[in-house]
Every structure is written in C-alpha cells, then in structure tokens.
Amino acid sequence: MIYTEKQQAAIDSRNTNLLILACAGSGKTEVISRRIAELVQEGTSKSSIIAFTFTERAANELKARIRLHLEKLQPDDPSLGDMYVGTIHSFCLHLIKEIDPSYRKYEVMDEARQAALIMTQFHYTESINKGIGLNRLRHRSRTGGYWDTVGSFITTLNVIHQKSISLESIPDMELRSTVERYRQIAHGSPNYFFDFDQIINELLDTLKTSPSELENVRNKFKHLVVDEYQDVDDRQEELIALISNYGKDVTVTAVGDDDQAIYGWRGAKVDNILKFEDRYFPVTKIELTSNFRSTHAIVEIANKAIRSIPPGKRWPKDMVARHCDENTNPPKFVETLAEIGDVQLRTFKSDDEEANWIADRIEQLLGTVIQERDDHNRAIHYADFAILLRSVRSSGNIFASILTQRGIPVVVKGTGGLFEHEEVL
C-alpha cells in the first residue's frame, strides 16, 4: 500500500489527540487500521485500545483490516485479542456488565425490536395490568394513525434521552405514565432490554456516581478511536469525554467528515467535530482530501454543492479526485480525470421517457472495456449498472417493466411496504 503524505502523517501521529477530517473515498479505514496495528506493534496492549464504529458492519471491516496489517507487522501474534472494535452501544453494555454483574441478564434492543415491542404493548389493559397505554396518546400524533403514534413516541423517547429529561420533570402525566410503563416492560422481567439510548445513560450514571470505577476505566484504556465522529450525539460525546477525561488520560482519535453529517434528525451534532480542537487539547488536525473513488467531474459537483453551507458551519476544504500512478518512479498521485458525458443532467416529460432513455444508455455502455483496480481489463455487464430512485414504490415498477421489455434483467431492491404484507397484517 502506498500512502499519501497526509495519510502517512495520520498513521504516524503519536502523543496528541488526533482529528482526521476524512473526505469521501479517502481511505480512512485503511489509515485507522494501519495506525492501530502499528500501535500494537510498538507495544501498546491490545486490551487498552477502543475503536468505536457507527455500525457492526463497519466494525467487521475494521477488524479484518487490522488483522491483515498485524499479519504483516507481527505474524507470530496477529489476533486482535481483547481489543474492542464495535459500536458505542455494544461497548457500553460490555463495560457495564464488567462493572456490575447484575447487568449480565440485559441485552441491547435494536430499533426494529424496540418498535415491535411498542406495537405489541400499544394498548393498556387495566384488568391484567398489561401494555403501555400508547393508545391514550394517539390523538396527539400528526394524523392520529397507528404508525404515526408509534413513530412519535419513539421520537419522544429519543428527545428525553438527548435532553437528559428525568421522568419526574415531565409535567404531562399521561405521557409520563406511558414512558414509565414502557421502561418497566422493556427493562424489567422477562425482557431485560436496554434500547440504544438507555444503555448509554446507564453507563454514564454508573461512572459518574462511582469515581473508583471511572478511574479504573481511565487506567485500563490508552487509545480511543471514534469513526464517523460527525454522527456522534451529545450523550455519546459526553461518554467519550468522560472516559478519556477530554483526551488527558486516554488519547482520542476522532475520524469523520463534517460534510457527511446526515443524522441530525437522530440527535447527532456536527458541532462535536467542528469544536473538537477546543475540547481536546492538544490536537493534531489532518485533512484527507484525496478521493480515490470518483472522477474529478463527480468530485467537483460535490464540492460545488457543499460550498453552499455558510462559513462556520463546516471546515473549509475541497476534495480532489486522485489515484496512484505506479508506472512512474517513484509512484505519484495524480488527478483522476473524467470523460465527456460521464456526468449528465437531463430532464424528461414522463417516467416512461426517462426509463427508455436509461435503457438506451445501458445498451450503449454494455460491453465497454474497463480497467479494474488490479489492472486487468474486462467488459461492463448488467450487474455494473445501478438506478437510484427517490421512491421505489412510486417509480420502481415503471422502470422495471420497461427495462424488462427491452430484455434488460432487473433486480429491484428497497421496495418497502413491510407492514402491508398479508402475513404482517
């Protein structure tokens, strides 16, 4: 692997907190994994390293990359051992079970399971003391519908978490009793579930009320890496700051891109990455602005769009489309140019007209010879094409029908409508 100067600087950074602003396609996973593997090679205990990822899928990819680097750097001991690589929520449950064995009967409840639990407990039956009584709040949702009521209640639970609102401070007695019933059913026997928000609250409360346990945690861990830092919410940030003592006891590496912050509706605060340098001192900031995934035409469109964000709301930076030309000596990183027609903006009078134009375009490009990353040439086939739709439900059938008529094989994904299936109803 040949690294850019800035990638290498991020890998080599030691002894300070680190902010890696990683644009799309900039190879951040490669940089993080290499840096962690080198820390282990230098003698850092595997059990003292934490790496937070946004999803379990991202965690598995990071684990595989770290293992790959360790196999090269120290082939006699390439395992990850007790290193934690995973989501913040799983870490919280893992750590709180270590601190207090009474939590070992609990599991984390994902969003689908949370919604299912609320649905099955929607009505309150007084005679058998069953349910959460959400039906009493139905008239307060946007439409008064069943799904709107469930969605509004889940949003309310998230707000209560984000704003650290205590149950006792909720003046609305109907809402308070519904939230209380939900917590009893979700967290009590026989379920013993923590939703994503509650598990963070439990660990925060435990560490804040037990200085000795907090000290043990800070002594145990030395390096904390947080991926997708732009999507961290205030409570997650509070936990990161508490565990690391704002980077004084545990070195914090924040990796993310303020230009890719899309989870504000979930409580994520882009300010956390914008003000990282103010909270964690000293900080080394490194910008990975080389996009190895796209041509310059696509990158320039992205740059133009993101520049519309007002000053102070993002780090001022521009992506550059680059690739490594290994035919030069030494190898150089050069711009990845586009061809005329690679990016087009077109409008159509109807979905049928648009679908037929796309079918024409697929037929034109089919069989075009392209070069893969391993330098071998091959012809484009149907599986190389993707059509992205704002709504598969409203437009998917039209596109699938016309493409099929033209002899183009189609696989439609993301159709939705789970709750309209007969077996679910």
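Me: Where is the place of P330?
Reply: In this predicted model, P330 sits in the loop between β10 (320-325) and β11 (332-335). Most peptide bonds are trans.

Me: What makes N15 count as buried or exposed?
Reply: Exposed means over 50% relative accessible area. N15 has 76% relative accessibility, so N15 counts as exposed. N15 is found in the loop between α1 (5-12) and β1 (17-22), and has a positive phi of about 70° although it is not a glycine.

Me: How does the reach of α8 compare with the expected one?
Reply: From the first C-alpha to the last, α8 (residues 196-209) reaches 21 Å, close to the 20 Å expected at 1.5 Å a residue.

Me: Why is T149 called buried?
Reply: The cut-off for buried is under 20%. T149 has 3% relative accessibility, so T149 counts as buried. T149 belongs to helix α6. Leaving aside its neighbours within four places in sequence, T149 is in contact with F122, L134, L137, R138, S141 and G144. A polar atom of the T149 side chain also lies 2.6 Å from the backbone oxygen of G145.

Me: How many aromatic pairs does the structure hold?
Reply: There are 17 aromatic pairs.

Me: Why is the pair of F54 and Y263 called tilted?
Reply: Ring planes under 30 degrees apart count as stacked, over 60 as edge-to-face and the rest as tilted. The planes of F54 and Y263 stand at 45°, with ring centres 5.0 Å apart, so this pair is tilted. F54 lies in the loop between β2 (49-52) and α3 (56-73) and Y263 in the loop between β7 (251-256) and α11 (271-274), so the pair ties together parts that are 209 residues apart in sequence. F54 is partly exposed at 32%, and Y263 is partly exposed at 22%.

Me: What makes the pair of Y146 and W147 edge-to-face?
Reply: Their planes are at 80° and their ring centres 4.8 Å apart; since the angle is over 60, the pair is edge-to-face. Y146 is partly exposed at 25%, as is W147 at 45%.

Me: Which residues lie closest to the centre of the second largest pocket?
Reply: The second largest pocket has a volume of about 1,000 Å³. Of its 39 lining residues, the closest to the centre are E111, N158, F196, D197 and R266. Helix α6 gives the most to this lining, with six residues.

Note on methods. Residues are numbered from 1 along each chain as its sequence is written. Side-chain values use heavy atoms; hydrogens and water are left out. Helices (H or I, at least four residues) and strands (E, at least two) are DSSP runs, numbered from the N terminus. The expected span of a helix is 1.5 Å times one less than its number of residues. Rings of Phe, Tyr and Trp (its six-membered ring) pair if their centres lie within 6.5 Å; planes under 30 degrees apart count as stacked, over 60 as edge-to-face and the rest as tilted. Buried means under 20% relative accessible area, exposed over 50%, partly exposed in between (1.4 Å probe, protein chains only). A polar contact is a pair of N or O atoms within 3.5 Å; within protein, one must be able to donate a hydrogen and the other to accept it, and residues adjacent in sequence count only if both atoms are side-chain atoms. Contact means heavy atoms within 4.5 Å. On a 1 Å grid over the protein atoms alone, a cavity is a set of points where a 1.4 Å probe fits but cannot get out, and a pocket is an open set with protein on both sides within 12 Å along at least five of seven lines; lining residues have an atom within 4 Å of a point. Grid points are joined across faces, edges and corners, and a volume is the space filled by probe spheres set on the points.
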